Amino acid sequence: MTEPAQFNTDNAVNDEAVTAFETSAPSPSSDCKGFEVRHLVKQYANADKPVLNDISFKVEHGTVLVVLGPSGSGKSTLLRTIAGLEPIQGGTISINDQVIDEGRPGTEKAGRSNRSSALRTRIGMVFQSYDLFPNKTVLGNITMAPLLVQKRDKAQVEAEALKLLDRVGLADRKDAWPHELSGGQRQRVAICRALILHPEVLLLDEITAALDPEMVREVLDVVLELAKAGQTMLIVTHEMQFARAIADHVILLDGGHIVEESHDAYAFFAHPQTERARQFLHTFEFE
Ligand SMILES: Nc1ncnc2c1ncn2[C@@H]1O[C@H](COP(=O)(O)OP(=O)(O)OP(=O)(O)O)[C@@H](O)[C@H]1O
Ligand SMILES: [Mg+2]
């Protein structure tokens with residue numbers, strides 16, 4: 001049995017992330033404090049039409065957007081473009097009104113967006129597959145990027161890594177190897193690895209989809225506590241009860257477009273406005 005996630009919401013690490021975010025805001029009169037995608041177009045090479053076509057939404061600082069949609073609707077693609085892992089062919093992605101990626105037609109074959117590594121670290125991402133480095137301990141996995149990429153001080157980075165591990169209930173596993181951990185524990189380490197870079201926006205792509213049911217809860221509890229602590233997040237999940245509990249804002253993707261958007265998650269799940277959303281939500285009901 002794995003231990004339950006322990007979380008201190010007054011933890012200084014997230015406060016630092018939140019403070020860093022607030023102080024990087026351009027001005028109090030700024031239009032969008034937070035994160036914004038405008039008219040985003042994404043097309044893969046050799047595809048006859050875009051996967052995402054004219055997608056626009058805003059995520060206010062400190063809030064959670066849940067992205068829903070059927071398989072193949074482009075949820076992972078959306079998160080990957082926001083993370084800078086895929087070039088975009090139209091539109092813009094911005095944080096606090098600063099454009100961090102701009103669409104360029106004809107870039108379908110480019111491997112990544114041309115975003116700088118400084119801009120890249122402003123957005124963190126955790127994937128469905130636990131992609132920890134097998135030849136590094138838990139502590140080594142978490143401290144690698146801040147030490148090698150950000151060249152931060154080793155003692156300070158290690159102290160912060162230990163605080164993060166404590167928050168997710170894994171302080172006693174700092175010297176373990178990834179193969180010695182359960183799937184749920186590995187995902188909690190992957191979350192720490194993203195958080196130590198102080199991302200202004202955290203993207204979670206079906207992070208519990210590959211877990212045994214009893215491990216899902218321990219990971220979702222960590223994410224709920226992050227939301228309470230004010231971490232801005234975009235979450236793709238098939239856990240509908242969790243989605244309803246955590247979402248400030250929901251979008252449903254289908255056919256390359258946003259087919260329904262709501263800033264009232266309870267209303268969206270109880271009374272979807274479109275036939276497409278009703279059909280989609282119905283697939284999660286069993287009678
Ligand atoms: N690297 C790629 N090259 C070409 N096409 C791709 C690539 N990645 C995804 N696609 C296509 O883009 C579409 C959207 O895929 P995506 O993985 O974003 O969907 P999804 O909504 O995340 O689906 P799922 O719920 O199954 O994870 C699919 O038709 C997929 O085949
Ligand atoms: Mg996906």
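Two strands are taken to pair if DSSP finds at least two bridges between them. Helices (H or I, at least four residues) and strands (E, at least two) are DSSP runs, numbered from the N terminus. On this basis, strand S1 (residues 34-42) and strand S4 (residues 90-95) run antiparallel and are joined by five bridges. Val41 stands opposite Gly90 in S4.

The model is predicted: local features need pLDDT of at least 70, side-chain atom pairs count only at pLDDT 80 or more, and totals for chains, interfaces and linings use all residues. Residues are numbered from 1 along each chain as its sequence is written, while chains are lettered from A and ligands numbered from 1 in the order in which they are written.

S1 and S4 belong to an open sheet of four strands, ordered S2-S1-S4-S5, with antiparallel pairing. Its edge strands are strand S2 (52-60) and S5, each of which pairs on one side only. Neighbouring strands of this sheet are turned by 20 degrees against each other on average, direction ignored. Axes here are lines fitted to C-alpha atoms, for helices over the stretch in contact, and angles run from 0 to 180 degrees between N-to-C directions.

Burial was assigned by counting neighbours. A residue is buried if 20 or more other C-beta atoms lie within 10 Å of its own, exposed if 12 or fewer, and partly exposed in between, with C-beta atoms placed from the backbone. Val99 lies in strand S5 (residues 98-102). Val99 has 12 other C-beta atoms within 10 Å, so it is exposed. Val99 and Glu36 are 63 residues apart in sequence, yet their C-alpha atoms are 8.9 Å apart in space. The loop between S4 and S5 holds Asn96. Asn96 is buried, because 21 other C-beta atoms lie within 10 Å. The phi of Asn96 is near 50 degrees, a positive value in a residue other than glycine. Most residues other than glycine have a negative phi.

A further open sheet has six strands in the order S6-S7-S8-S3-S9-S10, with mixed pairing. Strand S6 (123-126) and strand S10 (257-262) are the edge strands, and each pairs on one side only. The twist averages 20 degrees from one strand to the next. Within this sheet, S3 runs parallel to strand S8 (residues 232-236), and four bridges join them. Val66 has Ile235 as its bridge partner in S8. S3 also pairs with strand S9 (residues 249-254), in the parallel sense and over four bridges. There, the bridge partner of Val67 is Ile251 in S9.

Strand S3 (residues 64-68) is largely enclosed by the rest of the structure, because five of its five residues are buried. Val64, Val66 and Leu68 point one way from S3. Leu65 and Val67 point the other way.

Two helix pairs were examined. The axes of helix H6 (residues 183-195) and helix H7 (residues 213-228) come within 8 Å and cross at roughly 15 degrees. H6 and H7 are therefore roughly parallel to each other. Angles under 35 degrees count as roughly parallel, over 145 as roughly antiparallel, 65 to 115 as roughly perpendicular and the rest as oblique. The crossing of H6 and H7 is right-handed. A crossing is right-handed if the near helix is turned clockwise from the far one by less than a right angle, and left-handed if anticlockwise.

For helix H4 (residues 138-148) and helix H5 (residues 154-167), the axes come within 10 Å and cross at roughly 135 degrees. This makes H4 oblique to H5. Their crossing, too, is right-handed. Lys151 lies in the loop between H4 and H5. Although not a glycine, Lys151 has a positive phi of about 55 degrees. Lys151 is exposed, because 7 other C-beta atoms lie within 10 Å.

Ligand 1 is surrounded by Tyr44, Val51, Gly69, Ser71, Gly72, Ser73, Gly74, Lys75, Ser76 and Thr77. A residue is near a molecule or strand if its C-beta atom, placed from the backbone, lies within 6 Å of it. The shell around ligand 1 divides into two nonpolar, seven polar and one charged residue. In this scheme Ala, Val, Leu, Ile, Met, Phe, Trp, Tyr, Cys and Pro count as nonpolar, Asp, Glu, Lys and Arg as charged, and the others, Gly among them, as polar.
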